[in-house]
Amino acid sequence: MDSSAAVWYAVLAAGIVVSLGTLVALTRPGGRWGQRARERLVMGIPWGTLIAVVFVALFYLFPQDGLANPYDPVVIPFRAWSYFYPTGILSAGFAHANLGHVTGNLLGTLVFGTLAEYAWSHFPQKRGSTTFSSFRTNPFARIFGWAVGVFAVAVLTGLFALGPVIGFSGVVFAFVGFALIRYPLGTIVAVLLGNVVNLVFTALRSPTVQQTAGESFSRPWWAGIAIQGHALGLFIGVVASIALLYRRGVRPKSSHVWLAALVFAVDRGLWAVYTIEGSETYRLFRALGAALVFLLAALIASGATASPRDLIPSINLSRREAAYGLVIACLFALALVAIPFNLFVVDDPSAGLGESQAVEVDDYTVFYAEDVDNQFIPAVPFPTGGNNTTERVNASGVIVVSEQRNIWWEEVSKRKLASQGEATVRLGGLTWNEDVRATRTTWNLVGGESTYYVRLGVVDDEENPVVYRAERAMADARLDGRNVSIVPAATEFEIVVSRNNETLGHTTVPPVGNTTSAGGITFERDGDNLFAESGETRLRIARRSG
């Protein structure tokens, strides 16, 4: 830790201590907070939630290799690829994509899991019940039951999630669904408190940040949200909480439940309904999503607070039964929609490989391809301009295939590799991992055209082979009526000089600090820049990146 960071940590700590001290002085709790916690939790601690936090953290550190590579864990083998790959189905709810992902979910678990476990209570809440009078009233049995329930929800969110999801967020949403029925206003406060906790954690990780404007690769934030998985978790929590409150005879205030459900759904992006239209291309249906979150709030409030009066007396159906049945029906619909997708089998795992050179690691095959049919995402209808068209989603980039695990996946897109210049694909299983490195070397010519090649190989190899070569690119500038092009050839790039489609000469791009000639033009390499000179004319013809 450097001295400047220590100063900022001290400033942060002082601000928090002064603020909390002011709160205590104003409210004078006198031990009331701890007493309230101990009334429903053994020693005032949410033990079941803490067990889940420890397990998820350990899974990230060891099976995912997060201890050695905290910012780049092993992810691919732990995604819920299909029902034909049980390891992914069972582990997806506990694994995470990166450090930010796991820390965000763990912080959310601590905030919302604590509130939900408080609503559950380690002690019996039914009037007339006494602690330890039966197995169901035993606090330790209730802690165990809560922990088992948490793990069961994690597995269910992997089992019925749409697509190769990963993360504990389905369980976090279940915590919220469970808590907001019993403590709707408390859930709103917890949402805001969660934002405060995230701010403090981020400030601890990066006390100061200096950024410079520049080009970078990023996809829309909403394109990384598993909307169906989050909604599934939310409904699991809501259904369980409503059943519990019916049993306990507790009826929350409908306006509070409606408001809490709406605020949470908007805050956590449940309105971000989108489809994938191609490699790194997405379509967001914002108006549809906004309408759905309002309907969601109405549905949850109705299910939780509907009157027990008869709705259809002839069949003895009450308003409460109808509303709760509709909530359960939505839960089943969210789960069932994922089953056909998770039964999908990749018919041709080698599709897109063609003549490309691939890297083989155990049962994995890794290769680079462009504009090939995505074998994992089926053809889907896209409403565009009032017309419904069915298109096949294409894939371009580094593709990972495993017939054994039913994987055909664009792990690194063409655009991402072009922006970053290199990427590491982490493969493995429960007890092993291996890294494959992809690098792209690009020459950007005057006028906007570019050409490149891609190398791919195991990280420990001394030199990785070229597995893909782009088409020839020509500069817009002309020197004495001659065109200059660059084309990938073998393991290097060649300069081609031509006039009226007739080749006048060609030569290899020179090393840094060297010159070469072809077709009457002299070429000089100055760092990443390539200059062309003819007579008294000298201009930069291309720039290398990657």
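Me: Which residues is Gly-44 in contact with, leaving aside neighbours within four places in sequence?
Reply: Ala-37 and Arg-38. Contact here means heavy atoms within 4.5 Å. Gly-44 itself is in the loop between α2 (32-40) and α3. One caution: this is a predicted model, where local features need pLDDT of at least 70 and side-chain atom pairs pLDDT 80 or more, while totals for chains, interfaces and linings use all residues. Numbering runs from 1 along each chain as its sequence is written, and side-chain values use heavy atoms, with hydrogens and water left out.

Me: Why is Gly-44 called partly exposed?
Reply: Buried means under 20% relative accessible area, exposed means over 50%, and partly exposed is in between (1.4 Å probe, protein chains only). Gly-44 has 24%, so partly exposed is the label.

Me: How do you know how α3 and α5 run relative to each other?
Reply: Two packed helices are described by the angle between their axes and the distance between the axes. For α3 (residues 47-61) and α5 (residues 99-120), those values are about 170° and 9 Å. The axes are lines fitted to C-alpha atoms, for helices over the stretch in contact, and angles run from 0 to 180 degrees between N-to-C directions. Under 35 degrees counts as roughly parallel, over 145 as roughly antiparallel, 65 to 115 as roughly perpendicular, and the rest as oblique. So α3 and α5 come out roughly antiparallel. On the α3 side the contact includes Trp-47, Leu-50 and Tyr-60, and on the α5 side it includes Leu-99, Leu-106 and Glu-117.

Me: What makes up that contact of α3 with α5, by class?
Reply: It has 10 nonpolar, five polar and one charged residues. The classes are: Ala, Val, Leu, Ile, Met, Phe, Trp, Tyr, Cys and Pro nonpolar; Asp, Glu, Lys and Arg charged; the others, Gly among them, polar.

Me: And what makes a stretch a helix or a strand in the first place?
Reply: Both are DSSP runs, numbered from the N terminus: helices are H or I with at least four residues, strands are E with at least two. The protein comes to 14 helices and 22 strands.

Me: Why is the pair of Trp-222 and Tyr-282 called edge-to-face?
Reply: Rings of Phe, Tyr and Trp (its six-membered ring) pair if their centres lie within 6.5 Å; planes under 30 degrees apart are stacked, over 60 edge-to-face, and the rest tilted. Here the centres are 6.4 Å apart and the planes are at 85°, so the pair qualifies and is edge-to-face. Trp-222 sits in the loop between α8 (184-205) and α9 (227-248), Tyr-282 in strand β2 (residues 281-284), 60 residues apart. Trp-222 is also buried, at 12% relative accessible area.

Me: How many aromatic pairs does the rule give?
Reply: The count is 22. Ring pairs also join Phe-55, Phe-59, Phe-78, Phe-94, Phe-151 and Phe-168 into a cluster.

Me: What makes Arg-440 count as sitting over the ring of Tyr-452?
Reply: NZ of Lys or CZ of Arg has to be within 6 Å of the ring centre and within 35 degrees of the ring normal. The charged end of Arg-440 is over that ring, 3.5 Å from its centre. Arg-142 likewise lies over the face of Trp-120, at 4.6 Å from the ring centre.

Me: Is Thr-187 buried or exposed?
Reply: Buried, since its relative accessibility is 1%. Thr-187 is in helix α8 and touches Phe-112, Leu-115, Val-176, Ala-179 and Leu-180, not counting residues up to four places away.

Me: And Val-466, buried or exposed?
Reply: At 8% relative accessibility, Val-466 is buried. Val-466 belongs to strand β14 (residues 466-469), and its contacts beyond four places in sequence include Gln-357, Tyr-453 and Ala-490.
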